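Subject: Structure handover

Hello,

Here is the structure you will be taking over. Please open it first, then read the notes below it.

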Amino acid sequence: MDYIQFELTNQEQRQGSLVQTNKNTASPKRLVLVDNIHEIIIDEYADSLRLRSELGQNGGFQFLSSGKIKTINGNLLQFKDLESSFEKLFQFLLFLNTRKSSPLIIYGFKNEKIVWKHIQTSECDQYNYYNGWVLKYDELGLSKIWDKLCNLWTNKNDRDSLKIILKWYNEANKQNISLESGILLIQNALELLFNWLISEKFMYVSSSDANGISASAKIGILLSKYQLEPVIPKELNELIKYSKAFNFNNGPETITHVRNCIVHSNSKKIDHLQKLSELAKQEALNMGLWYVEIILLKLLEYEGEYHNRCIGLKKYDAKDKIKSTNR
């Protein structure tokens, strides 16, 4: 094949390169991703605003963007060789969109003509409110994150760990999940981040020593490695009240206590949990999601602005800045 084209459902296309969509109009919604072998170009449909409006009213699924893959050296493409690239793209878009958005209908082109069509059976999430870190109207240099993800992808343990973490991050961030389930999932993601990065990848702690470290200490070590303060963000008022009521020292202790009250319930812990308001649970979940987002962004060497979910749950202008932390 000269190139392969695919359609993406419910893709949250963000500010990127300017591309002319027809003779009279242009769209600033092109995302270009390049690895050692392929160039991937994703463009939002010209009528995406109308389609997105329909999704907002009716929910469900809708193709909003189209992608194109070709080799960077001009060699012909073989569909069977694209499985890893599609999986890598899926994980990348999962982190950007906070929802599953897979290449579904795939076309092979030769001499500008469709020579085959493949309908891929992949899991996709229904359209819902976007609640992620990518700012809606700012160009953020997302291709740089792709470059670092491609480097991690070459190592099987890095690849497998990242896929599980992003799966739990995605599930914990869904609107139709209970707050308690979300808190459990996001703490699992944080503990896996510790085992993957602190113990296995960078070997700051041996595997045997890691087994003896408490969950709150593991999260605290992660935050220290990536220069995140352990104090609960000042905007999370309800969670701060709960933390002070039980004399917890910081965010890791508080979220771990909430998680333990859910998992290891006895009369005392059930009493603690009943004193935790729904808003405080939402703030605990948001803090955990924020920890995962910032650690992954720093791991992927992102520098720039992002949407800080701890500043405002539904404010696209809740901007914050991040500076990359290298090893």
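Is N286 buried or exposed? N286 is buried, because its relative accessibility is 1% (buried means under 20% relative accessible area, exposed over 50%, partly exposed in between, with a 1.4 Å probe and protein chains only).

Before the rest, two notes on the source. This is a predicted model, so local features need pLDDT of at least 70 and side-chain atom pairs count only at pLDDT 80 or more, while totals for chains, interfaces and linings use all residues. Residues are numbered from 1 along each chain as its sequence is written, and side-chain values use heavy atoms, with hydrogens and water left out.

Helices
N286 sits in helix 11 (helices are DSSP runs of H or I, at least four residues, numbered from the N terminus). From N286 to L299 is 13 residues along the chain, and their C-alpha atoms are 20 Å apart. S161 belongs to helix 4, residues 156-172. S161 counts as buried because its relative accessibility is 5%. Leaving out residues up to four places away in sequence, S161 touches L192 and W196 (contact means heavy atoms within 4.5 Å).

Core
The largest nonpolar core holds 86 residues (such a core is a set of buried Ala, Val, Leu, Ile, Met, Phe, Trp, Tyr and Cys residues joined through side-chain atoms within 4.5 Å). F92, W133 and L193 have the most contacts inside it. Helix 11, residues 278-299, gives the most to this core: 13 residues. W133 has contacts beyond four places in sequence, among them F95, Y169, E293, L297 and H307.

Cysteines
The whole structure has 0 disulfides (a disulfide is a pair of cysteine sulfur atoms within 2.5 Å). C124 is buried, at 14% relative accessible area. C310 is buried too, at 4%.

Cavities
How many cavities of 30 Å³ or more are there? The count is 2. A cavity is a set of points on a 1 Å grid over the protein atoms alone, where a 1.4 Å probe fits but cannot get out. Points are joined across faces, edges and corners, and a volume is the space filled by probe spheres set on them. The second largest cavity has about 70 Å³ of space. Its lining residues, which have an atom within 4 Å of a point, include R99, D125, Y129 and K174. By class, the lining has 1 nonpolar, 6 polar and 3 charged residues.

Best wishes

Technical notes: Helices (H or I, at least four residues) and strands (E, at least two) are DSSP runs, numbered from the N terminus. On a 1 Å grid over the protein atoms alone, a cavity is a set of points where a 1.4 Å probe fits but cannot get out, and a pocket is an open set with protein on both sides within 12 Å along at least five of seven lines; lining residues have an atom within 4 Å of a point. Ala, Val, Leu, Ile, Met, Phe, Trp, Tyr, Cys and Pro count as nonpolar, Asp, Glu, Lys and Arg as charged, and the others, Gly among them, as polar.
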